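Me: I have a model open and want to learn how to read it. Can we go through it feature by feature?

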Amino acid sequence: MSILITLYFFLIRIFIKLLPINPNPPVTRIVCIFFKYPNQLSNGQKQRVCVARSLVNRPKLLIADEPTSYLDKENAKLVIDLIINSSKKFNLSTIIASHD
């Protein structure tokens, strides 16, 4: 199954609703991996997909263990901002374990 199918609902339900909060969402970073299979992704891309999948169903509680461990500073900030914005917008309780 391609990443396109996995992330379809995420893009519709999360990124589109975050547009007013974040005028430059990282949609373009995800579009380039739509038609790739998991074995074709880098560890950082896989990690961002995992974060996206964890937010799809709008859970009441998100527990993230090292959600930015494979990411560079720029992408780590985008992921943390996404988690924070999702927490605020969807009333999501979040626990993040990190060494940063």
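Reply: Start with the surface. Accessible areas come from the Shrake-Rupley method with a 1.4 Å probe. This is a predicted model. The accessible surface of its protein chain is about 6,500 Å². Carbon and sulfur atoms hold 58% of that surface.

Me: How many of the residues count as buried?

Reply: Buried means under 20% relative accessible area. Of the 100 residues in the protein chain, 38% count as buried.

Me: In what order do the elements run?

Reply: Read from the N terminus. The order is α-α-α-β-α-β. That gives 4 helices and 2 strands.

Me: Which residues make up the largest nonpolar core?

Reply: Such a core is a set of buried nonpolar residues joined through side-chain atoms within 4.5 Å. Here the largest has 9 residues: V51, L55, L62, L71, A76, V79, L82, I83 and L92. Helices α3 (43-55) and α4 (73-90) each give two or more residues to this core. The largest share, 4 residues, comes from α4.

Me: What does V79 touch?

Reply: Leave out residues up to four places away in sequence. V79 then touches R48, V51, P67, T68 and L71.

Me: Where is pLDDT lowest and highest among the elements?

Reply: pLDDT is the predictor's confidence in each residue, from 0 to 100. Helix α2 (residues 27-31) has the lowest mean, 53. Strand β2 (residues 93-97) has the highest, 93. The mean for the protein chain is 76, and 65% of its residues reach 70 or more.

Me: Over which residues does pLDDT stay under 50?

Reply: Residues 19-24. The model has 4 contacts for them beyond four places in sequence. Where pLDDT is low, the predicted coordinates should not be read in detail.

Notes
Residues numbered from 1 in each chain as written. Predicted model: local features only at pLDDT ≥ 70, side-chain atom pairs only at ≥ 80, totals over all residues. Heavy atoms only, no water. Buried < 20%, exposed > 50% of the residue type's maximum accessible area, 1.4 Å probe, protein only. Contact = heavy atoms within 4.5 Å.
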